[in-house]
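Subject: Structure for your review

Dear colleague,

Please find the structure below, together with its sequence.

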There are 2 protein chains.
Amino acid sequence: MASGKITISEVAREAGVSIATVSRVMQGRPSVSPDLARRVREVARHLGYSPSPMARGLATGSTGMVGILVPQLSNPYFHELIKAIGVGADHDGYRMLVLESDERVADEPDLAASLYAHADGVILCSPRMADDDLERVTLGRPRLLCVNRIARDGQPPGIACDMFSPMLDICRLLATQGHRRVVYFAGAPYSWVNAERWRAVQHSAALGLDPLRVQAGPSIDAGYAATDAALALSPTALIAANDLCAIGVLTRLREVGLQVPRDVSLTGFDDIPFSRHTLPALTTARIPRLELGRQVWAMMRAVLADEAPPARVLATAEVVVRDSTGPAPASGIRYR
Amino acid sequence: MASGKITISEVAREAGVSIATVSRVMQGRPSVSPDLARRVREVARHLGYSPSPMARGLATGSTGMVGILVPQLSNPYFHELIKAIGVGADHDGYRMLVLESDERVADEPDLAASLYAHADGVILCSPRMADDDLERVTLGRPRLLCVNRIARDGQPPGIACDMFSPMLDICRLLATQGHRRVVYFAGAPYSWVNAERWRAVQHSAALGLDPLRVQAGPSIDAGYAATDAALALSPTALIAANDLCAIGVLTRLREVGLQVPRDVSLTGFDDIPFSRHTLPALTTARIPRLELGRQVWAMMRAVLADEAPPARVLATAEVVVRDSTGPAPASGIRYR
DNA sequence: TTGTATGCGTTATCAG
DNA sequence: CTGATAACGCATACAA
């Protein structure tokens with residue numbers, strides 16, 4: 001309720017006890033007589049005392065914080081994930097220190113290091129940095145976790161969703177609808193997630209698709225900007241790396257007079273909240289962020305307790321079919 | 001590059017100097033001979049030493065962090081604001097500790113206090129708590145700032161955007177387009193921002209409008225859920241508290257077979273990135289987050305330097321007319 | 001059950 | 001320019 005300048009010694013003096021006792025009371029240790037504890041608590045409350053996290057951290061060697069690094073907060077997917085992780089963190093009394101790299105791949109190592117300095121543990125979400133850098137960052141940092149990125153030698157440990165099979169499912173859907181030539185809008189250049197999705201699209205050749213690719217990016221603007229290049233390839237279906245990208249594509253398609261899915265089909269990935277509200281609503285794949293977050297925290301909790309990192313788990317995304325996909329146009333794409 | 005267990009004394013020992021010297025070097029003080037400084041720096045780098053923020057904090061009495069509390073991270077408006085503030089913070093070497101209350105008004109005081117314990121300064125964005133609580137939270141916390149909330153007696157100090165006149169502009173637009181009966185979708189119950197917007201809508205009576213109101217909320221789902229109640233009031237235009245809300249309304253309107261703006265007009269507020277990509281694109285008001293963020297940081301910087309808090313500044317939002325507004329239907333709304 | 005004393009990693013104030 | 005050393009606020013063995 002009040003300021004933060006009151007220290008433990010003032011409380012001790014005011015209550016007529018030693019700072020050790022106050023410390024014990026504040027930590028809720030049972031080894032203090034109920035009366036004394038009550039009195040101390042009373043004094044502390046009255047003075048508006050609250051322990052200094054830093055002093056406490058210095059003494060105990062832990063900060064009570066976990067750091068999280070994400071590529072971009074502007075993608076709803078990431079803060080939904082953060083939120084999901086936060087449920088468990090909150091429950092265990094941890095605060096989350098969130099940092100975004102804003103897709104500046106070169107900054108990731110520094111940001112991760114900085115996070116590690118402030119927190120007891122660090123979670124790297126979809127880091128884009130090269131395996132070498134990742135290895136270097138991991139070096140000597142036993143409490144580092146990795147989400148949605150599988151590194152070379154499994155370091156750092158972590159959890160990744162299976163992006164491959166749902167993307168293949170999307171392709172299968174497209175194939176059964178008569179599509180053949182499809183264009184993949186690539187997302188973040190060094191993203192493992194993006195690589196997996198593209199890998200799946202490539203595999204769709206086995207399904208009879210003819211997959212092409214244009215470089216876009218993990219944002220609305222990137223999707224918008226890459227659309228024309230994709231259309232030049234005369235596809236009947238467009239597969240965006242994620243929903244954000246797909247939303248940009250959708251707008252551009254409308255501008256050039258193409259109807260979705262009549263003239264061309266479009267899919268996203270992630271199932272962010274907005275995807276239900278585009279017109280047409282986006283066919284996409286839903287990553288179970290809640291479950292993923294739960295598992296990530298379980299893992300972090302184990303790591304924080306110096307337990308052996310549990311085996312890598314793979315959650316699975318599921319395809320959500322909505323209105324942006326349909327039968328391939330009989331006479332190919334009608335463009336211009 | 002490496003772990004965080006190396007302390008200043010190890011560097012000192014390895015370099016054959018005192019910890020005081022190492023400390024000076026790490027702080028970049030000029031009072032160290034260039035050669036020595038270079039050697040120390042070399043050793044530090046080699047050992048992978050990085051100063052402990054906690055120990056440093058304990059010694060200096062500052063954390064190098066500023067806390068930010070927002071109602072919800074799921075609203076792009078807020079993280080755009082956070083990002084804007086972050087530009088200045090980064091520049092001055094501060095880290096931001098972001099917490100969201102998730103619209104749990106009752107938790108705000110605790111969250112703010114917790115933030116204050118970890119940071120040198122705290123920024124409250126659109127806090128919803130009552131004036132009394134706000135006053136209590138402010139008590140004895142000289143480094144608290146408030147964004148988009150004007151409290152009773154100007155405490156805590158801060159910056160707020162003028163929401164009133166742009167909302168009145170929106171109403172004026174509607175009035176000139178022949179609308180008369182309009183319904184306002186109220187946002188967060190205890191939000192100053194929401195109150196200001198509604199106040200403006202009420203004032204639009206002077207423009208010839210007949211403003212009604214339904215309770216919704218600051219989210220897509222809230223807008224969606226409140227739409228039927230609003231339509232029951234037979235309006236020709238709907239004014240959502242913010243864009244998120246408007247997006248939900250739009251979807252529901254489509255479901256019940258109403259065309260925007262032919263059958264009914266719709267407006268949002270904030271101009272989040274998605275609003276350009278809805279169909280029709282949303283007429284809304286753009287809050288200059290970049291400028292706002294800049295000013296907020298300037299103010300925080302002053303506060304952190306113990307300077308007198310500069311006068312309260314008001315930025316101004318501007319109306320962005322897009323496709324969701326149009327002439328009122330001649331024969332009133334066609335519903336059902 | 002309670003108090004005393006030491007250490008946590010830095011900064012900063014003094015002396016040299 | 002450099003080196004001891006006393007804080008900083010707290011937790012915790014160790015004593016009592």
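Predicted model: local features only at pLDDT ≥ 70, side-chain atom pairs only at ≥ 80, totals over all residues.

Leaving aside neighbours within four places in sequence, A:Ile123 is in contact with A:Gly67, A:Ile68, A:Leu69, A:Ile85, A:Leu145, A:Val147, A:Val296 and A:Met300, where contact means heavy atoms within 4.5 Å.

Residues are numbered from 1 along each chain as its sequence is written, chains are lettered from A and ligands numbered from 1 in the order in which they are written, and side-chain values use heavy atoms, with hydrogens and water left out.

Chain A is divided into domain 1 (3-60), domain 2 (65-161 + 288-315) and domain 3 (164-287), with bounds that come from an automatic or database domain assignment. Taken over C-alpha atoms, the centres of domain 1 and domain 3 of chain A are separated by 58 Å.

A:Asp271 is found in the loop between strand 9 (265-267) and strand 10 (284-286) of chain A; strands (E, at least two residues) and helices (H or I, at least four) are DSSP runs, numbered from the N terminus. A:Asp271 counts as buried because its relative accessibility is 10%; buried means under 20% relative accessible area, exposed over 50% and partly exposed in between (1.4 Å probe, protein chains only). Not counting residues up to four places away in sequence, A:Asp271 touches A:Asp243, A:Thr284, A:Ala285, A:Arg286, A:Arg289, A:Val320 and A:Arg322.

By contrast, B:Arg45, in helix 3 (residues 34-47) of chain B, counts as exposed at 60% relative accessibility. The C-alpha atoms of B:Arg45 and B:Val11 are separated by 9.4 Å, the two residues being 34 apart along the chain.

I turn now to the DNA. Around DNA strand D there are 27 residues, of which A:Ile8, A:Arg29, A:Arg56, B:Thr21 and B:Arg24 come nearest; a residue is near a strand if one of its heavy atoms lies within 4 Å of it. These residues divide into 14 nonpolar, nine polar and four charged (Ala, Val, Leu, Ile, Met, Phe, Trp, Tyr, Cys and Pro count as nonpolar, Asp, Glu, Lys and Arg as charged, and the others, Gly among them, as polar).

DNA strand C is surrounded by 28 residues, the closest being A:Thr21, A:Arg24, B:Ile8, B:Ser23 and B:Arg29. Sugar and phosphate account for 66% of the atoms of DNA strand C that come within 4 Å of the protein. The side chain of B:Arg29 places an N or O atom 2.5 Å from a phosphate oxygen of DNA strand C, and a polar backbone atom of B:Ala55 is 3.3 Å from a base nitrogen of DNA strand C.

Yours sincerely

Terms used
Polar contact = N/O pair within 3.5 Å; in protein donor to acceptor, adjacent residues only side chain to side chain.
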